Amino acid sequence: MYRQIVVLTGAGISAESGIKTFRDEDGLWEQHHIEDVATPEGYARDINLVERFYNSRWENLHSGEVHPNAAHAALAKLEAEFSGKLLVITQNVDDLHERAGSKRLLHMHGELSKGRCPQSLQTFVLREPFGEDNCCTCCIPAKRLRPHIVWFGEMPFGMDRIHDALDNCDLFIAIGTSGTVYPAAGFVDSANHHGAQTVEVNLLAADRHSQFQYHFTGKAGDVVPALVESILAGKTLGSEAATKEMSA
Ligand code: OAD
């Protein structure tokens, strides 16, 4: 029986909902240069290009065609029914965890549905796409909102809370992340170091250098609901019952 669980999610959990990942074939970073659309320098160079990139993702998220999938729903169920503590840390900027019902959730790379005043750092829910007319209401004169997204070279949000949760968890689950971007890629080491069980859910089989103790290969929408049921039934990984169920 686990007491404290930390879940880290990446783009792979939203792939079955129709949101592109970054590094898979046809992923976002195959079509855009990171330095142009995901750095403060790129934004300073060409605001309009960066705004177009985030506006098109924002429009996709609000198209009515993108919905949480079974993996998001299972994590919300885990939060509602687990007797211990749970924190979901997401690298995703979509709001599919919230739409599924998750509340103990930390968006470490920011949120697509918010803009931020570059002066006061106050955030505003985005009711219309970014542009020169979409400004803050906290400054005079009003400032053009920037995407509330953590760009390369910027500090992710909530690191103190994240480290505290990782230091104290007994199960760490990473779902649908390539483990290429730090600091998130290092969370597994931290959890291992503090004695937690560590498990990865990914479409691809684990490589032999994987830091994770357990690996489940498959779509998040198939694997995560079974994993959640097993945790809620009080089983721990490595116990025969849990392993049998997961590989079924
Ligand atoms: P990536 O695109 O790097 O990795 C997505 C992972 O999800 C890959 O390992 C896939 O094998 C896996 N995957 C794809 N479909 C899946 C499915 N249906 N079920 C399970 N796994 C699946 O995305 P992230 O690891 O999230 O940062 O990327 C990390 C960060 O890099 C992002 O937050 C973003 C990006 O640059 C910023 O923009 C700051």
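A polar side-chain atom of Ser 178 lies 2.5 Å from an oxygen atom of the ligand. Taken alone, the ligand exposes 800 Å², and the protein buries 95% of that. These areas come from the Shrake-Rupley method with a 1.4 Å probe; for residues, only the protein chains shown count as cover. This is a predicted model: local features need pLDDT of at least 70, side-chain atom pairs count only at pLDDT 80 or more, and totals for chains, interfaces and linings use all residues. Residues are numbered from 1 along each chain as its sequence is written, and side-chain values use heavy atoms, with hydrogens and water left out.

**Ligand site**

- The ligand is surrounded by 24 residues, where near means a heavy atom within 4 Å.
- The closest are Phe 22, Arg 23, Thr 177, Ser 178 and Asn 202.
- His 109 places a polar side-chain atom 2.8 Å from an oxygen atom of the ligand.
- Ala 220 uses its backbone: an N or O atom there lies 2.9 Å from a nitrogen atom of the ligand.
- A polar contact is a pair of N or O atoms within 3.5 Å; within protein, one must be able to donate a hydrogen and the other to accept it, and residues adjacent in sequence count only if both atoms are side-chain atoms.

- Thr 177 is found in the loop between strand 7 and helix 9. Helices (H or I, at least four residues) and strands (E, at least two) are DSSP runs, numbered from the N terminus.
- Thr 177 counts as buried, at 15% relative accessibility. Buried means under 20% relative accessible area, exposed over 50%, and partly exposed in between, with a 1.4 Å probe and protein chains only.
- Beyond its neighbours within four places in sequence, Thr 177 is in contact with Leu 8, Gly 10, Gln 91, Glu 200 and Asn 202. Contact means heavy atoms within 4.5 Å.
- Ala 174 lies in strand 7. Its relative accessibility is 1%, so Ala 174 counts as buried.
- Ala 174 touches Leu 8, Val 199, Glu 200, Val 201 and Phe 212, not counting residues up to four places away in sequence.
- From Ala 174 to Ser 230 is 56 residues in sequence and 16 Å in space, C-alpha to C-alpha.

- Five of the six residues of strand 2 are buried, so strand 2 is largely enclosed by the rest of the structure.
- Strand 1 pairs with strand 2 in the parallel sense, over six bridges. Two strands pair if DSSP finds at least two bridges between them.
- Thr 9 has Thr 90 in strand 2 as its bridge partner.
- Strand 2 also pairs with strand 3 in the parallel sense, over three bridges. Here Ile 89 has Leu 106 in strand 3 as its bridge partner.

**Helix 8**

- Met 159, Ile 162, Ala 165 and Leu 166 are buried in helix 8 (residues 159–168).
- These residues cover an arc of only 125 degrees around the axis, which puts them on the same side of helix 8. The arc is that of the directions from the helix axis to the C-beta atoms.
- An α-helix has 3.6 residues a turn, so residues three or four places apart point the same way.
- The buried residues of helix 8 pack against strand 1 (4–9), strand 2 (85–90), strand 3 (105–107), strand 7 (171–175) and helix 9 (187–193).

- Six of the seven residues of strand 4 (residues 110–116) are buried, so strand 4 is largely enclosed by the rest of the structure.
- Strand 4 runs antiparallel to strand 6 (residues 146–149), with four bridges. Gly 115 stands opposite Pro 147 in strand 6.
- Strand 4 also runs antiparallel to strand 5 (residues 123–125), with three bridges. Phe 124 in strand 5 is the bridge partner of Gly 115.
- The hairpin of strand 4 and strand 5 has six residues between the strands.

**Backbone features to check**

- Leu 121 is not a glycine, yet has a positive phi of about 70 degrees. Leu 121 counts as exposed, at 54% relative accessibility.
- Asp 26 has a positive phi near 70 degrees. Asp 26 is partly exposed, with a relative accessible area of 44%.
- A cis peptide bond joins Ile 140 and Pro 141, with omega about -5 degrees. Pro 141 lies in the loop between strand 5 and strand 6.
- Another cis peptide bond joins Tyr 182 and Pro 183, with omega about 10 degrees. Pro 183 lies in the loop between strand 7 and helix 9.
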